[in-house]
Amino acid sequence: MTRVTRVTRWKSLVLLAGVVTVAVTAQTPATATPAATAYDDTYYEDAMGKTGEPLKDALHQIISRDVSKLSYDEVWDALKKTDEDPDNSADVILLYTGRSQSKDSNGGNADDWNREHVWAKSHGDFGTATGPGTDIHHLRPADVSVNSTRGNKDFDEGGSEVGEAPGNRTDDDSFEPRDQVKGDVARMILYMSVRYEGGEGFPDLEPNDKVDNGSRPFMGRLSVLKKWNETDPPDAFEKKRNQVIYDDFQHNRNPFIDHPEWVAEIWK
């Protein structure tokens, strides 16, 4: 149905209802507050109505409460469920290539898939220790060689296209994922920043607006991540993944999947 037809039919219904004022349609602005989620009155109760650092602090408390932590070996099986191909339950979807690949082809050989730390584990030197090193909110299946190409680079725009993963680009100090997962990457990085604030013996992870951060507990580029969060909103795959992690594994959520508008509320 065309927009003209929709507007005409709607105006006709308004007139039939006896309304005498002129009906005007308008596009919902991109910055409008999304509809409330089912968790706002329960899981996010302590965060509602807050902004800035108070919001970040409240979310940290919420997503750090009663969390089940996985071992690095357990991550293999968890990813087979969190990243399952919705069209083929025998496969997982690889983050950077978008390729659907057998769950059983995980390992370290060329064209296998392995466990990609989206927040590079060297940025804070947390390795594969239980905690940030095994947090499946930022661990994703990725092609072994593409994972190696990304390495521990910060995220930014530009560079040369990755031959094995069209749509992804890289240069000496940064990696740009394909458009379909730019927002996913941003929300994973920002989740890690809120979840790991220096407690429990883990580093205080923070985004910044730089690249080439090396081993410091920083990940960039924040301005680009904020843009990606807006231009690539959460899709059905990302939302389902968040739910599976909450229901079956860690029992915490990525708040920026449920409320992507909170990114701009915290990092202004």
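**Entry 1: a loop residue**

Between which two strands does the loop with Asp-125 lie? I looked it up: Asp-125 sits in the loop between β4 and β5. Helices (H or I, at least four residues) and strands (E, at least two) are DSSP runs, numbered from the N terminus.

Before going on, I noted what I'm looking at: a predicted model, where local features need pLDDT of at least 70, side-chain atom pairs count only at pLDDT 80 or more, and totals for chains, interfaces and linings use all residues. Residues are numbered from 1 along each chain as its sequence is written, and side-chain values use heavy atoms, with hydrogens and water left out.

Back to Asp-125: its phi is positive, about 55°, although it is not a glycine. I wrote down the background too: most residues other than glycine have a negative phi, and most peptide bonds are trans. Asp-125 counts as exposed because its relative accessibility is 57%. My cut-offs: buried means under 20% relative accessible area, exposed over 50%, partly exposed in between (1.4 Å probe, protein chains only).

**Entry 2: Thr-128**

I stayed in the loop between β4 and β5, where Thr-128 is also placed. Is Thr-128 buried or partly exposed? With a relative accessible area of 35%, Thr-128 is partly exposed. Leaving aside neighbours within four places in sequence, I found Thr-128 in contact (heavy atoms within 4.5 Å) with Tyr-72, His-117, Lys-121, Gly-133 and Thr-134. I also checked Ser-71, which is 57 residues from Thr-128 along the chain; their C-alpha atoms are separated by 8.5 Å.

**Entry 3: β4 and β5**

β4 (residues 113-117) and β5 (residues 139-143) run antiparallel and are joined by five bridges. Two strands pair if DSSP finds at least two bridges between them. As one example, Trp-113 has Asp-143 in β5 as its bridge partner. Five of the five residues of β4 are buried, so this strand is largely enclosed by the rest of the structure.

I found Asp-111 in the loop between β3 (100-102) and β4. Asp-111 counts as partly exposed because its relative accessibility is 47%.

Which residues does the cis peptide bond join? It joins Gly-220 and Arg-221, and omega is about 0°. Arg-221 belongs to the loop between β11 (218-219) and α6 (222-231).

I moved on to α2 (residues 52-63) and α5 (residues 182-195), whose axes come within 8 Å and cross at roughly 85°. The axes are lines fitted to C-alpha atoms, for helices over the stretch in contact, and angles run from 0 to 180 degrees between N-to-C directions. The two helices are therefore roughly perpendicular to each other. Angles under 35 degrees count as roughly parallel, over 145 as roughly antiparallel, 65 to 115 as roughly perpendicular and the rest as oblique.

Who meets whom? From α2, I listed Lys-56, Leu-59, His-60 and Ile-63; from α5, Tyr-191, Ser-193, Val-194 and Arg-195.

α2 has twelve residues and reaches 17 Å from first C-alpha to last, close to the 16 Å expected at 1.5 Å a residue. α5 has 14 residues and reaches 20 Å, close to the 20 Å expected. The expected span is 1.5 Å times one less than the number of residues.

How many residues of α5 are buried? I got 14 of the 14, so α5 is largely enclosed by the rest of the structure. In α2 the buried residues include Gly-52, Leu-55 and Ala-58. The buried residues of α2 pack against α5, β10 (206-207), α8 (255-258) and α9 (262-266).

**Entry 4: the open sheets**

Three strands form an open sheet in the order β1-β2-β3, with antiparallel pairing. β1 (84-85) and β3 are the edge strands, each pairing on one side only. Two bridges join β1 to β2 (residues 88-93), and Asp-85 stands opposite Asn-88 in β2.

Another open sheet has four strands in the order β6-β9-β8-β7, and its pairing is mixed. β6 (154-155) and β7 (160-161) stand at the edges with a single partner strand each, so one side of each is left without a neighbour in the sheet. In this sheet, Arg-169 has Glu-176 in β9 as its bridge partner.

**Entry 5: whole chain**

Last, I noted nine helices and eleven strands. Of the 268 residues, 49% count as buried.
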